[in-house]
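Hi everyone, thanks for coming. Please have a look at the sequence and the structure on the screen, and then I'll walk you through them.

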Amino acid sequence: MSEMSTAGAPRPETAGYPIAIDGPSGSGKSTVSRQVARELGLCYLDTGAMYRAAAWAAQRAGVELTDQPAVTAVVRAMKLEMPLDPDNQVMICEGEDITSAIRAPELSRVVSRVAVNLDVRAELIARQRAIIAAHPRIVVEGRDITSVVAPDAPTKILLTASEATRLARRAREVRGSAAPDALAATRAEVSERDAQDSTVASFLEDRDGVVTIDSSQMSIADVVAAVRALAQGSRKEQE
C-alpha cells in the first residue's frame, strides 16, 4: 500500500487538504462535508458508510456480528466500490448497489457491533488512508478521522451540536420527520451508536489542532462557510 509523502512543501493544489471532519450522529458532518467538497471541487469520503457496508457484507454472508474473527474475514475480503463524487454516492459492494440498504433503520441499529471490532477498524482505516493518499484533495468525515485516519491533515474539525438538535436531524434524515414518535424511534439508535463507538473512537473530545464548531444554532451554509475559511487559512499557512 502506498503512503502519502509528507516530505517537502505541499504542492499549492493540495495545500490545506485533506479536510478531516469528525463528529457524533446528527452533527451535520455528512451534509456539510458534501457541500464543502462540491464548492471547492474536492473528493468526498464518507467513512461511516464503509462501516455500514461492512455490516451489510457480514449479514449477507450469514455471519453473526458478534463473531469478530468471522466478521473480520468477511470485511478483509469485501469488494467495495467507494464513491468519491459528492453528487454521486452510489455504493457497490460485492457487485450489488447497497446505497439504500445501508441506510435502513435495522442496519443502523447494528452497525456499531462491527464498528467496535478493532480488526475491522484496522482494515477499513488502511483502505481509508489509501484513498486519501491517492486523492489528497478530499474531504473525509467520520468519527476518528482527526485522531487516527488523518491526524496530520492540515484542516481538522470537530463538528458538534446539542443532543436535541442532533436527534431531530437524524430523525428527519432516517424517518422523514422530527415528530415525537419519530424522535422516540430514533433516540435509542443515536445514543446507543454514539455510546458504543465512543469506546473505540474519540469523536467527542477537543484535541490540539482540531477546531470545534457547534452547529446547533448555525445554518448549513454558515457551517460550510466556516469550514471553507479554515481550509483557506491552512492553505495560506502552507503555501
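I'll start with the overall picture, then go through the sheets, a pair of helices and one serine.

A word on the source: this is a predicted model, where local features need pLDDT of at least 70 and side-chain atom pairs count only at pLDDT 80 or more, while totals for chains, interfaces and linings use all residues. Residues are numbered from 1 along each chain as its sequence is written, and side-chain values use heavy atoms, with hydrogens and water left out.

The protein chain has ten helices and eight strands. Both are DSSP runs numbered from the N terminus: helices are H or I with at least four residues, and strands are E with at least two. The chain has 239 residues, and 49% of them count as buried. Buried means under 20% relative accessible area, exposed means over 50%, and partly exposed is in between, using a 1.4 Å probe and protein chains only. Now contacts, meaning heavy atoms within 4.5 Å. Among those between residues at least 6 apart in sequence, 76% join residues at least 24 apart.

Let's turn to the five-stranded sheet. In which order do its strands run? The order is β2-β6-β1-β7-β8, in an open sheet with parallel pairing. Two strands pair here if DSSP finds at least two bridges between them. At the edges are β2 (43-46) and β8, each pairing on one side only. From one strand to the next, the twist averages 20°. Helix α1 (residues 29-40) packs on this sheet and touches β1, β2, β6 (138-142) and β7; its direction makes about 180° with that of β6. Such angles run from 0 to 180 degrees between N-to-C directions, and axes are lines fitted to C-alpha atoms, for helices over the stretch in contact.

Now look at β7, residues 155-160. Six of its six residues are buried, so this strand is largely enclosed by the rest of the structure. Thr155, Ile157 and Leu159 are buried on one side, and Lys156, Leu158 and Thr160 are buried on the other. Strand β1 (residues 19-22) pairs with β7 in the parallel sense over four bridges. Here Ile21 stands opposite Ile157, and Ala20 has Lys156 as its bridge partner. Four bridges also join β7 to β8 (residues 211-214), again running parallel, with Ile213 as the bridge partner of Leu159.

There is also a three-stranded open sheet, ordered β3-β4-β5, with antiparallel pairing. Its edge strands are β3 (80-81) and β5 (96-97), each pairing on one side only. Two bridges join β4 (residues 92-93) to β5, and Cys93 stands opposite Glu96.

On to the helices. How do α2 and α6 pack? Helix α2 (residues 47-60) and helix α6 (residues 118-134) meet at an angle of about 135°, with their axes 11 Å apart. They are therefore oblique to each other: under 35 degrees counts as roughly parallel, over 145 as roughly antiparallel, 65 to 115 as roughly perpendicular, and the rest as oblique. Residues making the contact include Met50 and Tyr51 of α2 and Leu124 and Ile125 of α6.

Finally, Ser108, which lies in helix α4 (residues 105-108). Is Ser108 buried or exposed? Its relative accessibility is 9%, so Ser108 counts as buried. Leaving aside neighbours within four places in sequence, Ser108 is in contact with Arg52, Arg103 and Glu189.
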